[in-house]
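This report goes through one structure, part by part. It begins with the place where the chains meet and then turns to the chains themselves.

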Amino acid sequence: MANFVIRSATPSDCSDILRLIKELAKYEEMEEQVVLTEKGYSIVGFAMYYFTYDPWIGKLLYLEDFFVMNEFRGFGIGSEILKNLSQLAVKCRCSSMHFLVAEWNEPSIQFYKRRGASDLSSEEGWRLFKIDKEYLVKMAAEE
Amino acid sequence: MAVALQIREAKEADCGDIMKMIRELAEFEKLSDQVKISEGVLKTDGFGENPFYHCLVAEFPPEHRDPLGSTLAGYGLYYFTYSTWTGRNVYLEDIYVRPKYQGQGIGSKIIKKVAEAALERGCSQLRFAVLDNNKSAIDFYKARGAKDLTVAEGWHFFHFDNEALREMVRM
């Protein structure tokens, strides 16, 4: 496996990031990956994160998306990305790193648990809720 | 409810009162020792150059001060997030109304203001977490169009705590 680097994205990376976002979407819908071998890839994985806040412990790092192309898994790229994110979290004084995982996604669950992650939904009973725009509009219009 | 209640953006000077309410909620849940931040941290993180959260407070006019001298009845703390599929969202982290002011529609007023803030900034969704045994909260939110994504789509909250993060840095 050739050397790889983990670096912050720049604006010119956006078309590659979009390509990977689409691939991740396909993965989460459980479609088979079609491997395109004619093209060479230099960008083979990405992580998208931002900062969130817990009123008891302060700043958190939130991992929104995390993906490595199928054919490039098993080489430690995912681990290296996570290590990078952990360093960033510690540097920015974040208490912990939070993220969502689909309960059917066994490979990812194992990947994270091997590295010390815990499932707060199973352990503490937390459920994620959403309110869509149409209901936000209704609420804003109410007297 | 005759008294005019105002939902407004928190100011730096509110942080002492907000910290009190954060501690009240932790006390109620018998988890007071889990509160690690201070009023100073809350100020720096919310009112510094780069705010990490936004906060709304529910305030009674000065003539309705409580014996402890606070005019605040509750707060809502939220921040903006980003979904690579749907774009900008708002995440409602905390919503709290002091026990003696509950049952007067203050929670509804706070959430309405958060919804307005979300729409003003072009957000597609409001997201938040609820404990599975909190039936009254679940009913409150479902009545306003909320959908349980853990049940419907299988999403689970995970975290690496501070110890796990430091382990990964060492690897």
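How many residues does the contact take from chain B, and how many from chain A? The contact takes 64 residues from chain B and 59 residues from chain A. The model is a predicted one, and every value below is computed from it.

**The interface**

About 6,300 Å² is buried between chain B and chain A, and carbon and sulfur atoms give 66% of that area. On the side of chain B, the residues that lose the most area to chain A are Phe157(B), Phe158(B) and Phe160(B), which together make up 14% of what that side buries.

The interface of chain B and chain A also holds 26 residue pairs in polar contact, both residues being at pLDDT 80 or more. Strand β5 of chain B, residues 125–131, gives the most to the side of chain B that touches chain A, namely 7 residues. By residue class, that side of chain B divides into 37 nonpolar, 12 polar and 15 charged residues.

Which residues form a salt bridge, with the closest N and O atoms 2.8 Å apart? They are Arg127(A) and Asp148(B). The count of salt bridges between chain B and chain A is 1.

**Strands that pair across the chains**

| Strand of chain A | Strand of chain B | Sense | Bridges |
|---|---|---|---|
| β5(A) | β5(B) | antiparallel | 7 bridges |
| β5(A), residues 126–132 | β6(B), residues 146–148 | antiparallel | 3 bridges |
| β4(A) | β7(B), residues 155–160 | antiparallel | 2 bridges |

Leu128(A) has Ala129(B) as its bridge partner in β5(B). In β6(B), Lys147(B) is the bridge partner of Lys130(A), and Asp148(B) stands opposite Phe129(A). Asp148(B) is also the residue that forms a salt bridge with Arg127(A). In β7(B), Phe158(B) stands opposite Asp119(A); Phe158(B) is also among the residues of chain B that lose the most area to chain A.

**A sheet built from both chains**

In what order do the strands of the open sheet of 5 strands stand? The order is β1(A)-β2(A)-β3(A)-β7(B)-β4(A), and the pairing is mixed. At the edges stand β1 (45–54) and β4 (118–119) of chain A; each has a single partner strand, so one side of each is left without a neighbour in the sheet. For β4(A), the pairing with β7(B) is antiparallel.

**The chains one by one**

Chain A has 5 helices and 5 strands. Along the sequence, the elements of chain A follow the pattern α-β-β-α-β-α-β-α-β-α. Taken along the principal axes, the C-alpha atoms of chain A fill a box of roughly 60 × 35 × 35 Å.

Chain B has 6 helices and 7 strands. Its pattern, read along the sequence, is β-α-α-β-β-β-α-β-α-β-α-β-α. The C-alpha trace of chain B spans about 55 × 35 × 35 Å along its principal axes.

What radius of gyration does chain B have? The value is 17 Å, which agrees with the radius near 16 Å that a compact globule of 171 residues would have.

How values were computed. Residues numbered from 1 in each chain as written. Chains lettered and ligands numbered in written order. Predicted model: local features only at pLDDT ≥ 70, side-chain atom pairs only at ≥ 80, totals over all residues. Heavy atoms only, no water. Contact = heavy atoms within 4.5 Å. Buried area = accessible area lost by both parts, 1.4 Å probe. Salt bridge = Lys/Arg side-chain N within 4 Å of Asp/Glu carboxyl O. Polar contact = N/O pair within 3.5 Å; in protein donor to acceptor, adjacent residues only side chain to side chain. Helix = DSSP H or I, 4+ residues; strand = E, 2+ residues; numbered from the N terminus. Nonpolar A, V, L, I, M, F, W, Y, C, P; charged D, E, K, R; others polar. Pairing = 2+ DSSP bridges. Rg over C-alpha atoms; globule rule 2.2 N^0.38 Å.
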